[in-house]
Amino acid sequence: MDNAAREDQEATPTGALAEALVAALAVGRELTTGTVADYIPELARVNPDNFALAACTVDGDQESVGDAAVEFTLQSLSKPFVYARALQRKGVEAVHQRVGVEPTGDPFDSIIRLDAAKRPHNPMVNAGALAVTSLLIDEGAEGSAQRGAAMVDLFSAFAGRSLSGIDESVYQSERATGHRNRAIAHLLNNFQILAAPVEDALDLYFQQCSVRVTAPDLAVMAATLAAGGWNPVTGRRVLEPHRVPPVLTLMFICGLYDDSGRFALEVGLPAKSGVSGGILAVVPGRMGLAAYAPRLDEHGNSVRGLAALRHLSATLALHTFACPASSQGE
Ligand code: DON
């Protein structure tokens, strides 16, 4: 981010940020409802009490509280970054020939409904994500392991460190039991929406979902989007700036599945959740936020994570549409 843009942004002092994270952790800890995802059997082997919050500002200042060293898999948190990569590699037209931009109001794993242009509705639900992932497969150029390694590199660039890689047991667990995603992928194949063979698309999707991160990694990934595609920790450009607005827009309207509207109303930030219990949220021009707590609500979103982000948005005045006091005549 250049100096003028940095001066324009409303800075949150790191002391205030650390205090807000501590307070949000306390709020979240009060909640013990929800259940850990077990439809991918390996996901159930987790401590349900894990809880971490993290933030990274666009200046690269990082704060975290709770179980910040605990790794978990990206799951659907991978989707905005893979969408971003597809936009960068293939361009907006090629991507949106295969996937739309409208919320579904349906659960993330709905058996597909296609829009009027015969595409899955958006890249944040499984059907749309599978279509987007298929665009990253250069048939015949690489095998499964190389494609998986390229995914790890992609997420590492956003996270600002070499991530520890793919959780082999989660990957194999979803490969063995992901019948619903197989059904969705075969339907997509039937409608000629996939850009690669169906098994290759599924394999790469299962790999991207199985990459291990911590809450501080997620916060840096979110901060890279907040800084317009520039990683504030490494100083490296990861995404062209004009690719960021579509990614944030789709996160805002579709990032929390059939709870996206309520989240947009209450928290007011572009965000994405995953069934491992992570949620990342982007405060454009200011910071990335992350929460990790594996117990999920009925929509598949982290109960504690939602409460913590609601608290952070309120205490740090982060809602996208909140008008500053000066514009309210105060
Ligand atoms: O496709 C699946 O079922 C998982 N690998 C990811 C789903 C997910 O994270 C949805 N998030 N709330």
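H5 passes H8 in a right-handed crossing (the near helix is turned clockwise from the far one by less than a right angle). Helices here are DSSP runs of H or I with at least four residues, numbered from the N terminus. The model is a predicted one, so to speak of local features takes a pLDDT of at least 70, side-chain atom pairs count only at pLDDT 80 or more, and totals for chains, interfaces and linings use all residues. Residues are numbered from 1 along each chain as its sequence is written, and side-chain values use heavy atoms, with hydrogens and water left out.

The axes of H5 (residues 126-134) and H8 (residues 179-190) come within 10 Å and cross at roughly 60°; axes are lines fitted to C-alpha atoms over the stretch in contact, and angles run from 0 to 180 degrees between N-to-C directions. On the H5 side, Asn 126, Ala 127, Leu 130 and Ala 131 meet Asn 181, Ile 184, Ala 185 and Leu 188 of H8, contact being heavy atoms within 4.5 Å.

H8 also packs on H9 (residues 198-209), at an angle of about 140° and with the axes 10 Å apart. Here Asn 181, Arg 182, Ala 185, His 186 and Asn 189 of H8 touch Val 198, Glu 199, Leu 202, Tyr 205 and Phe 206 of H9.

Then there's the ligand. Of the 15 residues around the ligand, Tyr 39, Gln 75, Ser 76, Glu 174 and Tyr 205 come nearest (near means a heavy atom within 4 Å). A polar side-chain atom of Gln 75 sits 2.6 Å from a ligand nitrogen atom, while a backbone N or O atom of Val 275 lies 2.9 Å from a ligand oxygen atom.

Note on methods: Helices (H or I, at least four residues) and strands (E, at least two) are DSSP runs, numbered from the N terminus. A polar contact is a pair of N or O atoms within 3.5 Å; within protein, one must be able to donate a hydrogen and the other to accept it, and residues adjacent in sequence count only if both atoms are side-chain atoms.
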